[in-house]
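I opened the model and worked through it chain by chain. My entries follow.

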Amino acid sequence: MALLRTREPETLYSAASCSVSLAAVSKQYGVKEAILPLNLSIDAGERVAFLGPSGGGKTTLLRLLSGQLETSTGTVCLCDRDLSTMPTGRQVSQLVGMIHQQFDLIPNLSALQNTLAGQLGEWSLIKSLVSLVWPMNRDIGLSALARVGVEGIAYQRAGSLSGGEQQRVAIARLLVQDPQVILADEPVSSLDPARAGEVLQLLVGIAEEAGKTLIASMHSVELAREHFSRLIGLRNGAVIFDLPSHEVTEDMLHDLYNLQGLRSET
Amino acid sequence: MTTFDRTQHTQAPAMRWPRITFIRFSLLAMLALIVASWIFVLNADGAQNHSFLSAETFNRFKDFLADLLGVGASGTPAYAQWSEWRSTGHLAYDTLVMSVMAIGFAAIFALVFFMFGARNMMMGDIAPYGSWFWRGVFFFVRGIFVVTRAIPELIWAMLIIFVLSPGLLPGAVALGLHNAGILGKLSSEIVEGLDQRPIQALRSTGAGRFQVMVYGVLPQALPRFVTYLFYRWEVIIRTAIVVGFVSAGGLGTEFRLSMSYFHFTTITLLLVWYLILVLGVDITASYLRRLAR
Amino acid sequence: MTSTTSRDSAQKPRLLESRRVLTLILLTAFVWSLLNLDWTTGFIHSGGIDAMGEFAKALFTLDLSGDTLTSAISASWTTVAYAVAGLTLALLIGIPLGAIGSGVLTRSPWLRVTSGGGTRFSLAFFRSIHELVWAWLFVAAIGLSPMAAVLALAIPYGGILGRIYAELLQDVPDAPLRSLRSTGASEWRVFWYGRLPMALPDMLSYTFYRLECGIRSAAIMSFVGLGGLGHEIRISLDDLAYHQVWTYLLFLIGLVVIVDVWSTMVRRRLSE
């Protein structure tokens, strides 16, 4: 599904030019070093998974990439633009969108309204208010929901949907938002194995279709191996390995998840 | 592993003062207040007070009750005359109208301002672009809530009657103002208790601050807001009669007049209307509350 | 493979969804109430705007003279005393009636319905009538005695406290009580050793909240002539002594804020 709508030329990014690079990026919380200085470069259209134990820095790194956190040192560049120089959240949201493990949706609103929220950055305040009562631009939302396979529940309250359905709606919202880079923080960790595989396949498929970069932190190593071409292992805030998925060995994984020497979560 | 030797423990430990915790201090202060208050109340001016628990008081109560029921008075009691019921009926209607207007004013005010009175929205948790301006707004809004709810409805009415001509409006505005502060504070607390995660996710889609409020906070806060709204309506209908004492509208005005003229049976009639209103509102509110799920 | 929830066409949103009906009812009711106003005559009193302006200006010429301050302090104390005394009486009414009304004191369903229902009805009656109406009735009955104010406060507050206490006592988790019962304790013992201690923090918390309301109610009690801040405000208003009105108002606001802050601190520590 190509671009769902046209944008003004000056903000049009072509997916091909959207690479991600981190230069000497680190993140410190007071004394604690959540991320040690690292360099990372991800090409447009790559599918990358972060692996590693909890507290190892996966989520922090994703949040640095999304602009939610500011780096202590170094710069994050998306599509050749320094993230810290972007003046508004709206511009950032055109570059990068994130889906979380759960609780992404507003429970009281319908699936359709949640999906259309991906466009909020482009709507005026009046339009947003009206849309609460009578959703505007429904077609985009409905086709996004159809693409993820849940158009039947478009008018149901998001809070009443199952975990798998909710994640699909969150993906539909991403479709409507149409960022160049998709980030996913353990997107399928709350789902049972069958659903997890389905939803992940959907996510990866969508990213591939549009040629968008997909960066996800993954809890399950098997799923990561199956769907992602490049695996990066993070432990204690540092990169342990950064390899194509078929080159990652059991020993490396063992070292990655080894309990000994693991920094405790704060 | 240390062993326990009883012979080592024959000496009693030194006495230590109990920790002066805040709660204990508060309880002691309360106790002191209670004692002082009762001493004050029982010894205040008015020799009537000493004989409160006496036969005389009992008789006065009895006589008052008899007066209310019209026992021994000439003529039929007001509450037994259908014409009286009809003429006071429109007062009850007015009081009802006043209550609905008042809760409407309060609700509108609260809806406009409550998100600005929520700590998590204003002080940077959900709003990463928080600034001194918004902090100022927060304290200002909270301040308005405090002041409007600190002043009792009756006093508001006394002040407002200077500005607005008598009728239903001054009473409704007085009730509305006072409850605006209460509803506002309660609603802000709803927002502060919300799950932050959907709201933060919404922010990451590029929504602006106001859009996040409208789309993310408002839908989640509304169900509980409606509950509080009905709860305050039940309080307002009880207070509407009191506000009528000063604002020339509804049952309260008639009540005051009847008191001055000692029309006791009319008072009973008005009280019955009052209880009907209160019961009606309570039942309606509990039914409507169910609609809000 | 698409998920099992896909249907050919999405369900249309139901127009008569209960929440939309509610919104409609609320809006209609409000508009209807506004229509009942007399729109032909002006709303603003002639000279009202000027009066408002003068009143607002008077804030800056606050009356802080010795006389006013002393009467403000003494009126504040009167108000506080009435509130505290009234609330203690309310506790004496609310705790027993609430306990009985909650139906947790006895295991016999018959007793529960009769005694419980009876007390719940009386509590509802007590709290149906505003404290100022009770005050007026008491003053008419026994004259201008402080006890009239105290009683007028105690009865409706007792009703409110009783109802809330009943709910809190009922909502106590059952598991610890079950183990108490298994030791052979009577329902009465279960109440004293199990229910009451568990419900006590919430009960205390709500009582402190009621204290704040009580201050406000006591202030207007003086409207019926019983002394206190409301009385002083009324007198000053009648004399058009706006700067004095502000003094008393500020004392009232200050009093309420102090109690509010204190009660919030107590409640926070209770819930820790």
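**Chain A: overall form**

I checked the radius of gyration of chain A, taken over C-alpha atoms. It is 18 Å, which agrees with the value near 18 Å for a compact globule of 266 residues. The globule rule is 2.2 Å times the number of residues to the power 0.38. I counted nine helices and 10 strands in chain A. These are DSSP runs numbered from the N terminus: helices are H or I with at least four residues, strands are E with at least two.

**Ground rules**

I noted that this is a predicted model, where local features need pLDDT of at least 70, side-chain atom pairs count only at pLDDT 80 or more, and totals for chains, interfaces and linings use all residues. Residues are numbered from 1 along each chain as its sequence is written, and chains are lettered from A and ligands numbered from 1 in the order in which they are written.

**Confidence**

I read ipTM 0.81 and pTM 0.80 for the model. Chain C averages a pLDDT (the predictor's confidence in each residue, from 0 to 100) of 83. In chain C, 93% of the residues score at least 70. Residues 1-9 of chain C fall below 50.

**Helix 8 of chain C**

I looked up the span of helix 8, residues 187-221 of chain C. Helix 8 bends by about 50° at C:Leu200. The bend is the angle between axes fitted to the seven residues ending there and the seven starting there. A proline, C:Pro201, follows within four residues.

Note on methods
Two residues are in contact if their C-beta atoms, placed from the backbone, lie within 7 Å. The expected span of a helix is 1.5 Å times one less than its number of residues.
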